[in-house]
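Subject: Structure handover

Hello,

Here is the structure I promised to pass on. Please open it next to this email and follow along.

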Amino acid sequence: MSDISRRRFLVLSGGAFAGAAFLGCTRASAPIGPDSAVVATFEGRRRKPGAAVRDFTLTAAPFTLDLAGQLAQTWAYNGSVPGPELRVKAGEVIRARLVNNLPDPQSTVIHWHGIALRNDMDGVPGVTQAAVPPGNSFLYEYTAPDAGSFWFHPHSGLQADRGLYAPLIVEDPAEPGRYDQELTVVLDDWMSGIGPSPEDTLKNLQAGGMQMGPGGQMARSDPLGGDAGDVVYPLFLMNGRPPKDPPTFTAKPGERIRLRIVNSGAETSFRVAVGGHRLTVTHTDGFPVEPLTVDNVLVGMSERYDVLFTVSGAGAFPLVAAAEGKGGRAFGILRSGAGDAPASDAPVTELAGKVAELTDLRAAAGVTLAPRRPDRTELLNLGAAEEGYQWTINGNAVTDDAKIEEQSKPSIVRMGERIRLIFDNGSTMYHPMHLHGHTFQVVGPGGAAGPRKDSMVVRPQERIAIDVEADNPGQWMLHCHNLYHQEAGMMTLLSYRS
Ligand code: C2O
Ligand code: CU
């Protein structure tokens with residue numbers, strides 16, 4: 001934290017300023033709700049005349065997933081796990097009808113993770129829309145302004161720990177395209193239909209704290225700062241397939257591949273590597289970074305990494321996503337020639353090599369936020385209740401999305417301001433913190449322009465600042481994307497006020 005922001009923080013948190021978040025505001029301020037005119041006005045500015053409209057239908061319904069012969073009863077979009085990959089170009093309009101065919105009484109919504117969209121289409125029940133009851137449908141329509149790798153999922157209870165998720169790729173019409181082929185890899189920790197239900201898992205956590213892994217070991221990870229998770233999953237999937245029935249990606253020797261990696265897992269970070277190859281990170285959460293070549297990337301829940309690599313020769317290479325600290329992996333095969341396929345447990349030395357750290361990454365020149373002193377600075381303490389399974393932000397746990405305003409202390413912002421949020425993790429576990437509707441910039445070491453992101457891992461005892469340009473009015477969720485932490489209270493709002 002710079003001296004300026006430290007001082008600013010001390011002022012803002014000083015007891016003399018009750019309601020300090022309203023500092024500089026002399027009149028009453030009302031929340032800018034999803035239905036307010038300004039939200040529609042902003043969408044009007046975003047939408048270019050003649051922008052193409054892309055129509056999709058997404059039906060959420062029960063589905064039986066075949067996991068190498070083991071049948072899992074789950075829920076999915078359009079009868080596949082992941083659901084269908086949606087592809088549009090930046091500036092186009094997505095018009096997607098959600099049809100809820102889930103069993104009664106499951107209401108649902110779709111949240112378009114990472115997209116800077118109009119607030120009323122953000123898909124948060126009780127905050128931006130009413131949940132869609134079973135047998136009903138809802139039409140989402142919004143401009144997708146920025147290119148990048150995004151995804152979508154429900155924002156209702158623990159539904160996203162079933163098969164309800166899919167990638168959303170927004171192509172750049174001006175893409176320099178320095179690659180020959182692109183592949184999307186969606187990773188998931190899986191228990192739906194083959195283990196306890198997500199709801200029972202949460203009850204379990206609430207009753208007994210944490211589950212133990214095989215041999216009574218806690219899941220541990222150095223790069224995650226210690227505890228790697230509380231939930232034991234029987235399987236890890238790559239594009240909906242288990243290691244026993246891996247997806248195969250075909251390529252030619254010498255081809256340059258753009259790999260878009262999405263972690264849709266609820267409680268697992270994945271360490272991704274391609275045997276015999278190094279990876280050049282080009283994008284985080286959709287936005288470009290200065291290229292960084294590493295051996296592997298560690299992808300927290302809901303994060304996306306785009307990496308480039310050149311297929312080193314003819315053969316079959318393991319594409320692995322190790323469940324960080326938990327044992328087990330999601331697995332696929334990259335085939336560029338004849339030869340035996342690698343075993344799903346094949347050793348991959350790159351997994352032990354150099355990992356891309358948040359502090360190694362810099363936003364690409366074209367997407368850095370203009371240097372600017374923050375108008376506001378807020379400290380967000382990430383914590384846990386003394387007892388029981390409850391996760392908190394500034395000591396508050398939210399038990400009902402619709403009561404988030406009263407149950408948490410929202411961070412307040414006004415249109416056009418720059419706000420700095422400082423996450424201070426005083427708990428013993430890492431938290432992948434996600435802000436809706438914005439792509440913030442991580443404040444790098446010494447104030448450097450860190451990567452643009454919408455989800456970021458904050459490790460235990462770590463303090464990291466992000467800068468947010470308040471350019472998208474509305475009420476925006478700010479929460480931990482460990483689904484169990486979120487469900488156990490760890491959420492608040494970034495609330496625009498008039
Ligand atoms: Cu994937 Cu509230 O987010
Ligand atoms: Cu968390």
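By class, the residues lining the largest pocket are 25 nonpolar, ten polar and eleven charged. This is a predicted model, so keep that in mind as you read. The largest pocket holds about 810 Å³ of space. Its lining counts 46 residues, and those closest to the centre are V442, V443, G444, I464 and A465. Several elements each supply at least two lining residues, among them α1 (3–13), β18, β25 (418–425) and β28. Which strand gives the most to this lining? That is β30, with four residues.

Now look at the strands around those central residues. Strand β27 (residues 440–443) runs antiparallel to strand β28 (residues 449–453), and three bridges join them. Here V443 stands opposite A449 of β28. Five residues sit between the two strands of this hairpin, where G446 takes a positive phi near 65 degrees. β27 is also joined to strand β30 (residues 463–469), by two bridges, and this pair is antiparallel too. V442 stands opposite I466 of β30.

Next, the second largest pocket. Its volume is about 480 Å³. It has 24 lining residues, with E175, P176, T282, H283 and P288 nearest the centre. Two or more lining residues come from each of β8 (166–171), β14 (256–263), β16 (279–284) and β17 (287–294). β17 gives the most, with five residues. By class, this lining has eleven nonpolar, four polar and nine charged residues.

Then there is the metal. Which residues coordinate the copper ion (ligand 2)? They are H431 (ND1), C480 (SG) and H485 (ND1), at 2.0 to 2.1 Å. Along the chain, these donors follow the spacing H-x48-C-x4-H. H431 lies in strand β26 (residues 431–435) and H485 in helix α5 (residues 483–487), so the pair ties together parts that are 54 residues apart in sequence. Are H431 and H485 buried or exposed? Both are buried.

Last, a sheet to trace. Five strands form an open sheet in the order β13-β21-β20-β15-β18, with mixed pairing. Its edge strands are β13 (248–250) and β18 (297–299), each of which pairs on one side only. On average, neighbouring strands in this sheet are turned by 25 degrees against each other, direction ignored. Strand β15 (residues 270–274) runs antiparallel to β18, and three bridges join the two. V272 has V297 of β18 as its bridge partner.

Best wishes

Terms used
Residues are numbered from 1 along each chain as its sequence is written. Chains are lettered from A and ligands numbered from 1 in the order in which they are written. This is a predicted model: local features need pLDDT of at least 70, side-chain atom pairs count only at pLDDT 80 or more; totals for chains, interfaces and linings use all residues. Side-chain values use heavy atoms; hydrogens and water are left out. Two strands pair if DSSP finds at least two bridges between them. Axes are lines fitted to C-alpha atoms, for helices over the stretch in contact, and angles run from 0 to 180 degrees between N-to-C directions. Donors are N, O and S atoms within 2.8 Å of the metal (3.2 Å for Na, K and Ca); water is not among the atoms, so sites may look incomplete. Buried means under 20% relative accessible area, exposed over 50%, partly exposed in between (1.4 Å probe, protein chains only). On a 1 Å grid over the protein atoms alone, a cavity is a set of points where a 1.4 Å probe fits but cannot get out, and a pocket is an open set with protein on both sides within 12 Å along at least five of seven lines; lining residues have an atom within 4 Å of a point. Grid points are joined across faces, edges and corners, and a volume is the space filled by probe spheres set on the points. Ala, Val, Leu, Ile, Met, Phe, Trp, Tyr, Cys and Pro count as nonpolar, Asp, Glu, Lys and Arg as charged, and the others, Gly among them, as polar.
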